[in-house]
Amino acid sequence: MQYLLLLHAEEAGFMNMTPEQQQQGMAAYMAYSKALVEAGAMVGSNRLRPVATATTVRVVDGKTQVLDGPYADSKEQLGGYFLIEVPDLDAALGWAARCPGASHGIVEVRPIWSMS
Amino acid sequence: MADAVARESYGKLVAFLAVRTRDVGAAEDALSEAFAAALTDWPAKGCPENPEGWLLTVARRKSIDVLRGKRRHEAASEEYEAAAAILAAAPVEAEIPDERLAMMFACAHPAIDAGIRAPLILQAVLGLDAARIASAFLMSPAAMGKRLVRAKVKIRETAIPFRVPERTELGARLDAILDAIYAAFSEGWTDPGGVDAARRDLTLEAIFLARLVAGLLPNEAEALGLLALLLHADARRGARRSADGEFVPLAEQDTALWDGQQIGEAEGLLRRACGLGSIGRFQLEAAVQSAHVERCRTGRENWVDVVELYDGLFALAGSPVVAINRALAIAEAFGAEAGLDAMPEAGGDVRLGEYQPYWATRAELLSRIGAHAEARKAYEIAIGLERDAAVRRFLEKRRSALPG
């Protein structure tokens, strides 16, 4: 089973850290990624640029609307993801709990809807 | 015959299919088709030698047919084929393995909404239909049906595992199952007169489940504690109403009407649980029941012991409900004034303000210290909140007995 771990956190939290703390934070993510790879669970991962860079598109009555900003305004923003391959939800929840993002935000765990 | 097999076998058969397909709903469907087939087949050809095995063979074939049918129509064909293959390869022996516990752990998984765990277990293990569960939990059958379906879909689509957790996390995960069984019992218990068959039966179903879990995990102290608690409470069922249907409080019950055998079993379980050296909420609650029984039978006051048990409970699970019972015990041991001081404040908690025992307890303690006007007000709120007519009449009697 593949699961997408969606990392939501307050962006300001990272921006307000000292460079030293930021470095520590990055190191924690590097270690986590490495552990996922070692365990053979990593499928893919990426970090997203801040939500200020978001642009929203939708087509209404054939007309394309482009809006500056994210779809929903909330305190916590989607900041990155890990796509993992594990046997079941318990294993996925285990990896979600280890994710550094779970300690400074929330990690949403979603099963992938296989189309194959 | 199908009926006789049903109660013990139903959950085992559903579990056998669901563990291998992760699909509780499809397992239930396949099994109900198998039972329907039995109803036409057995009267004509005679009951098979191994009814359970017969049902499983039919249900398994139906499940595989459904899975292979889905494979043709839906995208996720690999998963369906894998499940069908596992099911087809599973050996059907004379003795069907009991995997009900693994299924209960899936139903009470932390990823499943806590409020639907008890209904889910009642349906998956015992085959109760949504309408009956809905009436016991005061919910519309349609809403209950929808929530049950949603939970089963979540189990399947998120691949919630069907297995007994490792030792390190067994305790916390087991608590969720025990809580669900206790919730089922409590819903049944709110009809102590036994007027509503759906609710009355639910207490028996809950005891069946508690017995099942205690039997499968005989070294888990809290599983034994829960069974002891339920047996203690149920043993007094016959004494809780007078011949003409009036509510009889514990202190005035005729102990001869209690089920002595059941109390004996509960006491034995509690002793075994204590020997395991891992105290918990249900053992403490069972110990409170045990102390009540002892006092009523012997006439020896033991309220100080009861207060101590409630202190332990309050430290473990400081719920307002525990606080209220603790306050009542304190009032018996040390006087109504002390009891009132120990009552929780309703101010910040809306649910407490709507909780009948909170107001009835306040009323009782206020009347004991002579605050009759306040007691009358509290009785009125309690009466307004109570849904059992016999308890309402009891509270009305207490209110009209107030002087002035």
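Me: How far apart do the C-alpha centres of domain 1 and domain 2 of chain B lie?
Reply: In this predicted model, the two centres lie 52 Å apart. Domain 1 of chain B covers 1-98, and domain 2 covers 314-404.

Me: Why is H9(B) called roughly parallel to H11(B)?
Reply: H9(B), residues 167-189, packs against H11(B) at an angle of about 5°. Angles under 35 degrees count as roughly parallel. That makes H9(B) roughly parallel to H11(B). Their axes are 10 Å apart.

Me: Which residues meet where H9(B) packs on H11(B)?
Reply: From H9(B) come B:Leu174, B:Leu178, B:Ile181, B:Tyr182, B:Phe185 and B:Trp189. They meet B:Glu222, B:Ala223, B:Leu226, B:Leu230 and B:Ala233 in H11(B). By class, this contact has ten nonpolar residues, no polar ones and one charged.

Me: How do you know whether B:Ala159 is buried or exposed?
Reply: Count its C-beta neighbours inside 10 Å: there are 20. The cut-off for buried is 20 or more. Therefore B:Ala159 counts as buried. B:Ala159 sits in the loop between helix H8 (141-157) and H9 of chain B. Its phi is positive, near 55°, in a residue other than glycine.

Me: And A:Asp61, buried or exposed?
Reply: A:Asp61 has 5 C-beta neighbours inside 10 Å. Exposed means 12 or fewer, so A:Asp61 counts as exposed. A:Asp61 is in the loop between strand E3 (55-60) and strand E4 (63-68) of chain A. A:Asp61 also has a positive phi, about 50°, although it is not a glycine.

Me: How many residues of chain A are in contact with chain B?
Reply: Eight residues of chain A are in contact with ten of chain B. The chain A side divides into four nonpolar, two polar and two charged residues.

Technical notes: Residues are numbered from 1 along each chain as its sequence is written. Chains are lettered from A and ligands numbered from 1 in the order in which they are written. This is a predicted model: local features need pLDDT of at least 70, side-chain atom pairs count only at pLDDT 80 or more; totals for chains, interfaces and linings use all residues. Axes are lines fitted to C-alpha atoms, for helices over the stretch in contact, and angles run from 0 to 180 degrees between N-to-C directions. Helices (H or I, at least four residues) and strands (E, at least two) are DSSP runs, numbered from the N terminus. Angles under 35 degrees count as roughly parallel, over 145 as roughly antiparallel, 65 to 115 as roughly perpendicular and the rest as oblique. Two residues are in contact if their C-beta atoms, placed from the backbone, lie within 7 Å. Ala, Val, Leu, Ile, Met, Phe, Trp, Tyr, Cys and Pro count as nonpolar, Asp, Glu, Lys and Arg as charged, and the others, Gly among them, as polar. Domain bounds come from an automatic or database domain assignment.
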